[in-house]
Amino acid sequence: MRYKLLPLLFIVLSVVVTASQMAGMSEAGAAVAYGFDAVLNNPAALAKQNERLLGGSYTFYGQTKVVLGYLEPGLSDLYKPEISNFRLAGGLTWLRDLGTAAENQYYYTVVFCSNPVYGGVNLIYKRGTEISYGMDLAVGADWFDRLTTAVVVKDIMTWTGVKNAPISSSPLVRLALAYKINDPLTISFDTAATADKKANFSLGGAYTTNSFAFRGGLLVDSSFKKYIPSLGFSYLGKQGTRGSYSLDLSLRYQDKKIGHSAGFSYSFF
């Protein structure tokens, strides 16, 4: 009995003792996602971005995805609450998904920033065997300086470029929250409805130092028959007043296989 509990103990420890800004963690941490993870999982989170970001990532979890893009904080350097609670941010992201018919996807993101509630919209152009369009909508909110919540509706509207083709919609809804226990440690919980109307639940944690960050997560489906643990590591390098760069690596165990992802980004004013 003692040995059967060891794998569970390892998973629990990995959730509590690991993680970062949740970069590279599509399973958990959407409420405080950063960079291109925010674009794909919660565009409202880009309201927290205050630097220009250029970079990309590679992911292999049974299917290969490549992401490249540029994110712009807009008027964030001019944002002053005493003048206005609103500003714009956004960016352009290219996603090549080899696991879908729409191999090339282009995301144009617009963020509406206010305090404490903010929102984001993705306008998506998909080019594969046929051209189609889509839209994501997200709303986030900060509570008590420690709790962040988000509601994300992906594919809220989709339509094809074929003339007289009907507009269809099969949205996927995601609820996410993150709670900062203290400065280095943040925990998060996500739940997302899948295309087959089932739900996935994710628990994650992030531990961040000045230059290093460690993260972990565990995804469970509603039948409690599928468990997907993941671990990640990030390094943030400073380059004086010119900006900073970050390297992100993560692993995920699924269907008796180990998937991996790697990302690199450069942030500057």
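Thr-208 has Ala-213 of strand E11 as its bridge partner. This is a predicted model, where local features need pLDDT of at least 70 and side-chain atom pairs count only at pLDDT 80 or more, while totals for chains, interfaces and linings use all residues. Residues are numbered from 1 along each chain as its sequence is written, and side-chain values use heavy atoms, with hydrogens and water left out.

Strand E10 (residues 199–208) pairs with E11 in the antiparallel sense over 9 bridges; pairing here takes at least two DSSP bridges between two strands, and strands are DSSP runs of at least two residues (helices, H or I, at least four), numbered from the N terminus. A hairpin of 3 residues takes E10 into E11. On to strand E12 (residues 227–238): E11 pairs with E12 over 9 bridges, again in the antiparallel sense, and Gly-216 sits opposite Leu-231 of E12. The E11–E12 hairpin has 5 residues between its strands, and Phe-224 in the turn shows a positive phi of about 55 degrees. E11 (residues 212–221) is largely enclosed by the rest of the structure, because 8 of its 10 residues are buried (under 20% relative accessible area; exposed is over 50%, partly exposed in between, with a 1.4 Å probe and protein chains only).

Further back in the chain, E5 and strand E6 (residues 131–143) run antiparallel and are joined by 11 bridges, with 3 residues between them in a hairpin. Leu-123 stands opposite Met-135 in E6. E6 also pairs with strand E7 (residues 147–160), antiparallel and over 11 bridges, and Ser-132 has Thr-160 of E7 as its bridge partner. Phe-144 takes a positive phi near 60 degrees in the hairpin of E6 and E7, which has 3 residues between the strands.

Now for the inside. The largest nonpolar core has 21 residues, and Val-39, Leu-40, Leu-46, Leu-71, Tyr-107 and Val-111 touch the most other members; a core is a set of buried Ala, Val, Leu, Ile, Met, Phe, Trp, Tyr and Cys residues joined through side-chain atoms within 4.5 Å. At least two residues of this core come from each of helix H2 (36–41), strand E2 (64–72), strand E3 (87–97), E4 and strand E5 (117–127). H2 gives the most, with 4 residues. Leaving aside neighbours within four places in sequence, Leu-46 is in contact (heavy atoms within 4.5 Å) with residues including Gly-35, Leu-71 and Val-111.

Tyr-106, in strand E4 (residues 104–113), is partly exposed, with a relative accessible area of 33%.
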